[in-house]
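I opened this model to look up a few places in the chain. My notes follow in the order in which I made them.

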Amino acid sequence: AHATLFTLGAKISDTNAAVLTRAVQMNFELGNHTYTHPNLNKLSDSEVIAELKKTDDKLRVFDGKSVHLVRPAGGHADKRVLTLYKTTFINWSPALDVKDYESSTSANGIYDTVSSNLLDGGIVLMHQGYEKTVNAVKRLLPDLKSRGFQVVSVSELIKFYNVKAKIGALYNDFID
């Protein structure tokens, strides 16, 4: 299984550099989740560009890429924002938001959300740093494999579906 780790630039430090290095070595994809997690729609043009460029610059140290896919914080990227930075923007399939950031969400709840809402070409939204998410993933991976699903990075998903992902477009999924 591979995933795309949409990372906050401000959270990249010497403490977690080894995790990002290992993720790249294991063929995970790094993605840009802004620098400080603001609502991009509320920033000036120059602030949007700075948020994204600063994170891309930090991620480049790990994977050599100068531009990454962007997951805008909170899914907020209006038409203006989409035109400011030359990349593809990625959100998630609404039914596959596991809401792991909510204290009431359990590992079983995360598992149930993904398991009961599976979509070919769907994008699951999970967050780093939650033990309940890790526990759900440990249970989900063998189950998904047995059901014929493959967990891949967003770029692998784009290639699999032969999508011509557009610069300045925002995608929630790659469903036919």
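**Entry 1: T87.** I found T87 in the loop between helix 3 (79–84) and strand 3. Helices (H or I, at least four residues) and strands (E, at least two) are DSSP runs, numbered from the N terminus. The model is predicted, so I note its limits: local features need pLDDT of at least 70, side-chain atom pairs count only at pLDDT 80 or more, and totals for chains, interfaces and linings use all residues. Residues are numbered from 1 along each chain as its sequence is written, and side-chain values use heavy atoms, with hydrogens and water left out.

Is T87 buried or exposed? T87 has 4% relative accessibility and therefore counts as buried (buried means under 20% relative accessible area, exposed over 50%, partly exposed in between, with a 1.4 Å probe and protein chains only). I then listed what T87 touches, not counting residues up to four places away in sequence: V67, H68, L69, V70, K166, I167 and G168. Contact here means heavy atoms within 4.5 Å. The C-alpha atoms of T87 and V70 are separated by 7.1 Å, and the two residues are 17 residues apart along the chain. The side chain of T87 also reaches the backbone oxygen of H68 at 2.7 Å. That is a polar contact (a pair of N or O atoms within 3.5 Å; within protein, one must be able to donate a hydrogen and the other to accept it, and residues adjacent in sequence count only if both atoms are side-chain atoms).

Entry 2: I went to N32, which is in strand 2 (residues 29–32). N32 counts as buried, at 0% relative accessibility. Which side chain does N32 join in a polar contact? It is that of D56, at 3.2 Å. The N32 side chain also reaches the backbone nitrogen of T34 at 2.8 Å. Leaving aside neighbours within four places in sequence, N32 is in contact with residues including F6, L52, L59 and H68.

L8 lies in the loop between strand 1 (4–7) and helix 1. L8 is buried, with a relative accessible area of 18%. With residues up to four places away in sequence not counted, L8 touches H33, T34, Y35 and H37.

**Entry 3: positive phi.** Most residues other than glycine have a negative phi. I looked up two residues with a positive value. N27 has a phi near 70° and is not a glycine. N27 is in the loop between helix 1 (17–25) and strand 2, and N27 is exposed, with a relative accessible area of 52%. K99, also not a glycine, has a positive phi of about 55°. K99 sits in the loop between strand 3 (89–90) and helix 4, and counts as partly exposed at 35% relative accessibility.

**Entry 4: helix 4.** Which residues are buried in helix 4 (residues 107–116)? They are I110, Y111, V114 and S115. Seen down the axis of helix 4, the buried residues fall within an arc of 120°, so they line one face of the helix (the arc is that of the directions from the helix axis to the C-beta atoms). Helix 5 (131–146) is included in what covers them.

**Entry 5: rings and charges.** The charged end of R139 sits over the ring of Y111, 3.6 Å from its centre. For this, NZ of Lys or CZ of Arg must be within 6 Å of the ring centre and within 35 degrees of the ring normal. K132 lies over the face of Y130, at 5.6 Å from the ring centre.

For ring pairs, rings of Phe, Tyr and Trp (its six-membered ring) pair if their centres lie within 6.5 Å; planes under 30 degrees apart count as stacked, over 60 as edge-to-face and the rest as tilted. By this rule I get 2 aromatic pairs. The rings of F160 and Y161 have centres 5.1 Å apart and planes at 80°, so this pair is edge-to-face. F160 is exposed, with a relative accessible area of 65%, whereas Y161 counts as buried at 17%.

**Entry 6: nonpolar cores.** A nonpolar core is a set of buried Ala, Val, Leu, Ile, Met, Phe, Trp, Tyr and Cys residues joined through side-chain atoms within 4.5 Å. Which members of the largest core touch the most other members? Of its 13 residues, these are I90, I123, V154 and F174. Helix 6 (residues 154–160) gives the largest share of this core, 3 residues. A second, separate core of 10 residues includes L40, A77, L84 and F89.
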